[in-house]
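This briefing concerns the interface between two chains and the overall form of one of them. Please consult the sequence and the model alongside the text.

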Amino acid sequence: MLAFVLALAGCYRWEPVALGPLRAGQDELRMARVRLARPAEASGPAAAVELIAHRVDAEGIEGFAPSAARELRWRFGPGDRVSVRRPDPWMSGLAVAGVYAAVLAIGWIAVIEDLPGISGRP
Amino acid sequence: MRVRPRGVWLALLWAPSLAWADPSPLSPAPLPTPAELGRIVASVEAHRQHEAIAPRRAPRLFVELSMQVWRARDFASDTMLLRRDATGAPRVALGLRRGALDGLIEWALLLDVAAPIASGALPEALSAALAASPCEGQRRFALAPARGATLGLSAFARVRVFDRASPFSVGLGLGLSAFGAAVSGAATATCVDRLGVARDTRSAAVDGFALHPSVNVFVETSYRFGARERFDTGLRMAVSDLGTPTAGVGSAQWFVAWHFGP
């Protein structure tokens, strides 16, 4: 729920993921939105896709590609760049702190300053 | 169709390199079944819970910076009537926290100082003199300037909202605080009649220190963020002067804290 709200507010960032630990099963990327990119090289064409990861193993990653509306498998290769979308700690912290600061400001006006019309006083 | 031998040789020479060329890394894959998807979600959730709880096991020190706002309140002592204005002041706190019940609850201890707090004082001598001289109109006061500060010690219990991996928590705290003010100067009271003309002005000097202890109850909500829950921000409300007739909402704080340690 919170992740959804923060994603809507743009409070997320793409973090690069090292291929080695990912292939060794040390990173949990399942159910996360993952960006995979292979730069253009002599060995093959450039490719890029965004997946909601479901299965990760040493050879590749499988997930639902919203752009293609189907499940796809990405076979890992040398030079592949992997990044995962995670909540941005600073932006999400700022967003929540802003809400709290606004509540304090309204509380100050309504309760502590005791202003007519706002604090229930005629 | 005529086949050229040179073309056949060329095709044979190129064929291995075409076979070795890296094709697109993408290929179709089977969609996970609902049961498999359920297992994946459960496993990811278990991992999330484990990651969230890990930093809460060891005790951690934290520094908290906040803006605190107070309601105006009067405190009487033997020598003066001290008034704390409706004002705001920066506050700094040093704390220690530790998780319990597998990360569901967290205990925290806080030592805090807030200053400077705008305040003023009316000497008891002037107050007695005013009681003896009635005013046909309205009294206007210029209080003796005072510099106030609050020192507090409080203990909190915080519970995560909805589940133990949630970044949101609500807390309840109990604390002791002392509001102290150094007063130096003169206070003036002027009687102004209905036409707005000053009729009688009296003043008295006061020099001293006033202290007001208070028992407080806190209600708070906070949000943890950053790697290993390194930071949090929140809002705290204090019910002050517990056990006295003036008990009520006394102040509120908006805070940001930095937790250090493992």
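In S1(B), which residue is the bridge partner of Leu72(A)? The bridge partner is Pro28(B). The model is predicted: local features need pLDDT of at least 70, side-chain atom pairs count only at pLDDT 80 or more, and totals for chains, interfaces and linings use all residues. Residues are numbered from 1 along each chain as its sequence is written, while chains are lettered from A and ligands numbered from 1 in the order in which they are written.

**Interface**
- Contact (C-beta atoms, placed from the backbone, within 7 Å) involves 33 residues of chain A and 32 residues of chain B.
- On the side of chain A that touches chain B, the elements giving two or more residues are strand S3 (47-56), strand S5 (70-75) and helix H3 (89-112).
- H3(A) gives the most to that side, with 13 residues.
- That side of chain A divides into 17 nonpolar, seven polar and nine charged residues; Ala, Val, Leu, Ile, Met, Phe, Trp, Tyr, Cys and Pro count as nonpolar, Asp, Glu, Lys and Arg as charged, and the others, Gly among them, as polar.

**Pairing between chains**
- S5(A) pairs with strand S1 (residues 26-28) of chain B in the antiparallel sense over three bridges; pairing requires at least two DSSP bridges between two strands.

**Chain B**
- Chain B has three helices and 12 strands, taken as DSSP runs (helices H or I, at least four residues; strands E, at least two) numbered from the N terminus.
- The C-alpha trace of chain B spans about 130 × 45 × 30 Å along its principal axes.

Methods: Contact = placed C-beta atoms within 7 Å.
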